[in-house]
Amino acid sequence: MAPDHGSLRADLAAVLAEIADGLTLPPQGTVPGLLADVHADPALGDRFNEKYLGAQLQTLTEVLDRATARGELTTRPDPATLNALLVGPVFAWLFLLSESPDQLPTLTATLLDATLTLISPAPPPGTRDESGSELVT
């Protein structure tokens, strides 16, 4: 079930936490081994796409649809593209760069900010922040 914490930021933070947990909880080497098997076995690949990727895409679709309905987004981004934006850096951090899972909270916070900047509409010209300063777009 898709998280519903009342805002796009909170919902995406929960999705990102699930992604990070899902990639760090299996014993080391499990995810790369699984991906090798998925690419070698078409039937396993189909099941993986249906159960894992399909579930992620459904979750992101629900989160994005709610954010669009609340007016946080003017148009709904493509869920597959958003999924790639979220999963890719976490995967690269853990399996390509071999960085510490202990540093994932810092990475995911930065990733969340960058993702929201990419998918959120720019404020209209002349919009001011809470301090009254004009936002530069």
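## Salt bridges, core and loop in a predicted model

Arg 70 and Asp 11 form a salt bridge, with their closest N and O atoms 3.6 Å apart. A salt bridge here is a side-chain nitrogen of Lys or Arg within 4 Å of a carboxyl oxygen of Asp or Glu. This pair links distant parts of the chain, since Arg 70 is in helix α3 and Asp 11 is in helix α1, 59 residues apart. Helices (H or I, at least four residues) and strands (E, at least two) are DSSP runs, numbered from the N terminus.

The model is predicted, so local features need pLDDT of at least 70 and side-chain atom pairs count only at pLDDT 80 or more, while totals for chains, interfaces and linings use all residues. Residues are numbered from 1 along each chain as its sequence is written, and side-chain values use heavy atoms, leaving out hydrogens and water.

### Charged pairs

Side chains of opposite charge can pair when their charged atoms come close. How many salt bridges does a search of the whole structure find? The search gives 7. One of them joins Asp 4 to Arg 66, where the closest N and O atoms are 3.5 Å apart.

Salt bridges that share partners join Asp 4, Asp 11, Arg 66, Arg 70 and Glu 72 into one network.

### Exposure

The table lists relative accessible areas. Buried means under 20%, exposed means over 50%, and partly exposed lies in between (1.4 Å probe, protein chains only).

| Residue | Relative accessible area | Class |
|---|---|---|
| Arg 70 | 34% | partly exposed |
| Asp 11 | 0% | buried |
| Arg 76 | 39% | partly exposed |
| Asp 65 | 37% | partly exposed |
| Pro 89 | 29% | partly exposed |
| Thr 108 | 15% | buried |
| Ser 98 | 60% | exposed |

### The nonpolar core

In soluble globular proteins, nonpolar side chains tend to be buried together. A nonpolar core is a set of buried Ala, Val, Leu, Ile, Met, Phe, Trp, Tyr and Cys residues joined through side-chain atoms within 4.5 Å. In this model the largest such core has 26 residues, and those with the most contacts inside it are Leu 8, Leu 12, Ile 19, Leu 86, Val 90 and Leu 104. At least two core residues come from each of α1, α3, α4 and α5 (104-119). Which helix supplies the largest share? Helix α1 does, with 7 residues.

Contact means heavy atoms within 4.5 Å. Leaving aside residues up to four places away in sequence, Ile 19 touches Gln 56, Asn 83, Leu 86, Val 87 and Val 90.

Pro 89 is placed in helix α4. Beyond four places in sequence, Pro 89 touches Ala 84, Leu 107 and Leu 111. Pro 89 and Leu 111 are 22 residues apart in sequence, with 7.8 Å from C-alpha to C-alpha.

Thr 108 is found in helix α5. With residues up to four places away not counted, Thr 108 touches Leu 16, Ala 20 and Val 90.

Ser 98 sits in the loop between α4 and α5. Although Ser 98 is not a glycine, its phi is positive, at about 55 degrees.
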